[in-house]
Amino acid sequence: MVPVVLVVAVALVDADGRVLLARRPPGKAMAGLWEFPGGKVGEGETPEAALIRELREELGIDTEESCLAPLTFASHAYDGFHLLMPLYVCRTWRGTPHPHEGQELAWVRAPALRDYPMPPADKPLIPVLRDLL
């Protein structure tokens, strides 16, 4: 049986309607690919709590659970595990996102999201996000 890994992601949307993407740093799996910020959900942690923690650790920003709106999810089979990834939308946070883990950041307009190479699980999220924005 293939293990299911729960990872949570967020589309941070700024006042201009742009979405924040983070580029996976060298040394990580799928290095160089762009993704929505987020990370693994820890044991006993809710997806919302994990996302709030990840945003603080990765980008140095704070948000509240009430600011996270569930939008869609990805379900993708990788070699050795199956990824389940809910995607939230967040338009309200405190602080300015800065890369804290060696990643590169880019604010991207919805029509240009397809121009950024992404992991296979992230790609199906783009049309849903484009429809929203």
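In which strand does Phe 73 lie? In this predicted model, Phe 73 belongs to strand β5, which covers residues 68–78. With a relative accessibility of 55%, Phe 73 counts as exposed, because the cut-off for that class is over 50%. Phe 73 is also part of a nonpolar surface patch, which it forms with Val 4, Leu 6 and Leu 84. Together, these four residues have about 360 Å² of accessible area.

Aromatic contacts were examined next. A pair of aromatic rings is described by the distance of the centres and the angle of the planes. A search of the whole structure finds three aromatic pairs. One of them joins Trp 34 and Tyr 116, whose ring centres are 5.2 Å apart. The planes of Trp 34 and Tyr 116 stand at 85°, so this pair is edge-to-face. Distant parts of the chain are linked in this way: Trp 34 is in strand β3 (residues 34–35), whereas Tyr 116 is in the loop between β7 (104–109) and α2 (125–132), 82 residues apart. Trp 34 counts as buried, at 5% relative accessibility, while Tyr 116 is partly exposed, at 25%.

A stacked aromatic pair is formed by Trp 93 and Trp 107, with 6.1 Å from centre to centre and 10° between the planes. The relative accessibility of Trp 93 is 19%, so Trp 93 falls under the 20% limit and counts as buried. Trp 107 is partly exposed, with a relative accessible area of 29%.

How values were computed: Residues numbered from 1 in each chain as written. Predicted model: local features only at pLDDT ≥ 70, side-chain atom pairs only at ≥ 80, totals over all residues. Heavy atoms only, no water. Patch = residues over 30% accessible without salt bridge, like charges linked within 9 Å, V, L, I, M, F, W, Y side chains within 5 Å. Areas by Shrake-Rupley, 256 points an atom, 1.4 Å probe, with all protein chains shown as cover. Salt bridge = Lys/Arg side-chain N within 4 Å of Asp/Glu carboxyl O. Helix = DSSP H or I, 4+ residues; strand = E, 2+ residues; numbered from the N terminus. Buried < 20%, exposed > 50% of the residue type's maximum accessible area, 1.4 Å probe, protein only. Phe/Tyr/Trp six-rings, centres within 6.5 Å; stacked < 30°, edge-to-face > 60°.
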